[in-house]
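Student: I'm new to this structure and would like a close look at one part of it. Could you take me through a helix and the neighbours it packs against?

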Amino acid sequence: MTEGAALSLLRDDINDRLPEIKKRFKNFESMPIDLKKNIVSSWFRGSLSGSPKTIELINQGKYKEASEEFLNNQEYKNAAELGKPGIIKRMDATSKSLFDFGDTLEKE
């Protein structure tokens, strides 16, 4: 598969899933691009779509609490032991984006 074909498939996959993501996160459109990217990425992996408490906290505007809850995940906690260190990096990025957005909102 060429890089162009892979990018085309990725765009199609994102466009297929984006309506559900927008439906689940009531303020998705007003979120900063960094947070949107991390939400989409984590949704694809299943780590966010499989965390109803994190979704609830996000929708309540409790982004800092959501950042902590998001990492309350067995796959994350056991990633190094499972030989999946990439999970840690991706989930940390999502958690940081949530925290940073919450911090920004508090300062406004």
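Tutor: Happy to! Let's take helix H2 and begin with how it meets helix H6: their crossing is left-handed. Please keep in mind that this is a predicted model.

Two packed helices are described by the angle between their axes and the distance between the axes. For H2, residues 33-45, and H6, residues 85-107, the axes come within 9 Å and cross at roughly 140°. That angle makes H2 oblique to H6, because angles count as roughly antiparallel only when over 145 degrees.

Now look at the side of H2 that faces this neighbour. H2 brings Asp34, Leu35, Asn38, Ser42 and Arg45 to the contact. From H6 they are met by Ile87, Arg90, Met91, Ala93, Thr94, Ser97, Leu98 and Phe101. By class, the contact of H2 with H6 holds six nonpolar, four polar and three charged residues.

On the H1 side, the contact is made by Asp13, Ile14, Arg17, Leu18, Glu20, Ile21 and Arg24. On the H2 side, Ile39, Val40, Trp43 and Phe44 take part. Sorted by class, the contact of H1 with H2 has seven nonpolar, no polar and four charged residues.

A search of the whole structure finds two aromatic pairs. In one of them, the ring centres of Phe25 and Trp43 are 5.9 Å apart and the planes lie at 80°, so this pair is edge-to-face.

Tyr63 lies in helix H4, residues 63-70, and Phe101 in H6, so the pair ties together parts that are 38 residues apart in sequence. Tyr63 is buried, with a relative accessible area of 4%. Phe101 counts as buried as well, at 12% relative accessibility, because the cut-off for buried is under 20%.

Technical notes. Residues numbered from 1 in each chain as written. Predicted model: local features only at pLDDT ≥ 70, side-chain atom pairs only at ≥ 80, totals over all residues. Heavy atoms only, no water. Axes fitted to C-alpha atoms, helices over the stretch in contact; angles between N-to-C directions. Helix = DSSP H or I, 4+ residues; strand = E, 2+ residues; numbered from the N terminus. Parallel < 35°, antiparallel > 145°, perpendicular 65-115°, else oblique. Left-handed = near helix turned anticlockwise from the far one by under 90°. Contact = heavy atoms within 4.5 Å. Nonpolar A, V, L, I, M, F, W, Y, C, P; charged D, E, K, R; others polar. Phe/Tyr/Trp six-rings, centres within 6.5 Å; stacked < 30°, edge-to-face > 60°. Buried < 20%, exposed > 50% of the residue type's maximum accessible area, 1.4 Å probe, protein only.
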